[in-house]
Amino acid sequence: MPKVAMVEALSMAMGSELRADKDMVLMGEDIGINGGVFRATSSLQKEFGDLRVIDTPLAETMICGMAVGMAAQGMRPVIEAQFMGFVYAMVDHMISHAGRMRHRTRGRLSCPMVLRMPFGGGIHAPEHHSESTEAMFAHMPGIRVVIPSSPSRAYGLLLAAIRDPDPVVFMEPKRIYRWGKEEVEDDGEELPLDVCFVLREGTDVTLVSWGAMIKETLEAADKLAEQGISAEVIDVATISPLDMDTIIESVEKTGRCVIIAEAARHCGVAAEIAANLADSGIYNLLAPVKRVTGYDTVMPLYRMEMKYLPSVERILNTVKKVFAVS
Amino acid sequence: MSATVASFSVEYHQFLDRDGRLFGDDVPELAKDFEKLISIYKLMVQTRTFDFKAIALQRTGKLGTYASCLGHEAAQIAIGSAMRDEDCFAPMYRDYGTQLYRGVTMTEILLYWGGDERGNDYSGPRHDFAWCVPIATQCLHAAGAAMVYKLRDEKRVAVTVVGDGGSSKGDVLEAINAASAYNLPLVIVIMNNQWAISVPRSKQNSAKTLAQKGLGAGLHSVQVDGNDYIASHLVMEEAIERARNGDGASVVEMITYRLTDHTTADDASRYREDAEVEEAWKSEPIARLRKYLESEGQWDDEKQSELEKEAAEMIDVAVKEYLNTPSPGIASMFDYMYAELPHDLQAQKEFALKEAE
């Protein structure tokens, strides 16, 4: 079986579900003949036609608003925001309608849609192409937020997102779209949307991360092993709802936790995880919970972006601090 | 060199003048279908009686903030009577006339404005969208519904309503554009009642009509006297059947007037002259249809008082049902958030129930 990158695994998942579910359609800008600017929908229009893989006018609010309407009338639209920087024109429909539809109609209508988007920095992109604002969506009731970090998890999580009966924001870490190729079987098997993945078992410190930062986090764990520190690495993956049980269980074992996120720090998902640890895991902690995050600044243009994003070195320096106190 | 490459016009439709006189030589069949007109007239009166009652309930602390539909009865009911059950309605927040015609109950309207989500669980067409408070967003939901009907090759039409104020929002233009790009079975009604809370129509833009927004994307775009039921029904029927037959979407601007405050939380005397409102009452839709029916020998004072009595009784039943509806309960805050309640929310639900003990 040939190895595939995350972006190809996503394409496989969409193709698999387009084959299995006649109610599923893809909509977005340049997703048809062009296959998406990152080629995530490459060749899908050729296979399924332009009534299943639908190029849209250049109007993000329209794409999301129509998806809400289509989902409420029984279809399963999977829409793409070309970059996360352009998703803000869709936010009104996500928070005001998608996340509320089932609740406010007492289940009469629902909104089984997926909003996909590439996000995050590190690819030398122009302005507005590099932010990570998953916390914004995670704060919205009624919406699931999912971020894969490997080809196989991308495949299984996207399938689950498409089949989920409620709206899912599916954020794709574009910096690792083509990193870490794996063999991914196109077997239609989904992954659960409510559990974290333990990527590496360890006993001394729990490193919690998601998205593209998993790459640096795993590298940091390798470096720590060289120093005799055994790090457990958890990929949160399902940002909302959040599986704190897996994280707390790990911290019960290690007593130390460092959370790594490329998003800005203030009110971020890392803060929510830290607050939950303070609430439910504090007696197991041997050291304060530390965060390694982006800064609370505007994401810089690309000459400085690698200084903004947490590096392996910043992770290691922070881990050093949680060992200094105990 | 220069040449005209495209030119446009917007037609205005009216059959009944404001004194209820039929004019023009082309008398439509509907104008002589008195059985239908009387049933429509009855619903118009019921709608208005209900509206007055809802305002009274709010004034006496028995209902939350309520958005009146006073003055919109003909336009709203015309939308309803031109649609089929299987068509889909995406309302704004004061479209009771259309909704009552389609089967939403008075009790449900009261429940919604009485702070209870169960009001949105319509007994009317189950596929119709819920009341939409964020301005103009419903236009894109209707476009999405129309997209579904097109993709599934179903002969159904989506109809939505937005105000003159709402027509300034991008969602309307994006819905119009989508309808044009995909040839959607969609009708967008711009309910021009002259006021967006305190901002008059003239401050939304300086175009002669709001209907012409549709022309920018090549849609069939017309204006109609929204206080004339006959014209409104016929214009809507034509627009809806065009859409059903694959001949394209329409923008229908209905000219009407909001005869009272924006909602019960508003005070229109702060921003508009009484004289303007008094003048608007002379064109209001119910008196107009009544005068027409009377002039045709189809209606009289006795029938009117019987109708008013029936309407009051019907509304009393709805009000009682609304006031006697027990609280939805704390669990209901959680139970409809997801198809299956996530475990963290399950914990919050248990906490909330325990706190309430």
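**Interface and salt bridges of chains A and B**

In this predicted model, the side chains of A:Asp23 and B:Arg152 form a salt bridge, with N and O 2.9 Å apart; a salt bridge is defined as a side-chain nitrogen of Lys or Arg within 4 Å of a carboxyl oxygen of Asp or Glu. One salt bridge is counted between chain B and chain A. Local features of the predicted model need pLDDT of at least 70 and side-chain atom pairs count only at pLDDT 80 or more, whereas totals for chains, interfaces and linings use all residues. Residues are numbered from 1 along each chain as its sequence is written, chains are lettered from A and ligands numbered from 1 in the order in which they are written, and side-chain values use heavy atoms, with hydrogens and water left out.

Contact (heavy atoms within 4.5 Å) involves 46 residues of chain B and 46 residues of chain A. The area buried between the two chains is about 3600 Å², and carbon and sulfur atoms give 60% of that area; buried area is the accessible area (1.4 Å probe) that two parts lose on being put together, summed over both. Between chain B and chain A, 19 residue pairs are in polar contact, both residues being at pLDDT 80 or more. A polar contact is a pair of N or O atoms within 3.5 Å; within protein, one must be able to donate a hydrogen and the other to accept it, and residues adjacent in sequence count only if both atoms are side-chain atoms.

On the side of chain B that touches chain A, at least two residues each are supplied by helix 5 (137–151), helix 6 (170–182), helix 11 (332–335) and helix 12 (343–356) of chain B. Helices (H or I, at least four residues) and strands (E, at least two) are DSSP runs, numbered from the N terminus. Helix 5 of chain B gives the largest share of this side, ten residues.

Over all chains, 34 salt bridges are counted. Within chain A, A:Arg116 pairs with A:Glu172, the closest N and O atoms lying 2.6 Å apart. This pair links distant parts of the chain, 56 residues apart: A:Arg116 is in strand 5 (residues 114–119) and A:Glu172 in strand 7 (residues 168–173) of chain A. A:Arg116 is buried at 2% relative accessibility, and A:Glu172 is buried at 0%; buried means under 20% relative accessible area, exposed over 50%, and partly exposed in between (1.4 Å probe, protein chains only).

Within chain B, B:Glu73 and B:Arg48 form a salt bridge (2.9 Å, N to O). B:Glu73 lies in helix 2 (residues 73–82) and B:Arg48 in helix 1 (residues 34–59) of chain B, so the pair ties together parts 25 residues apart in sequence.
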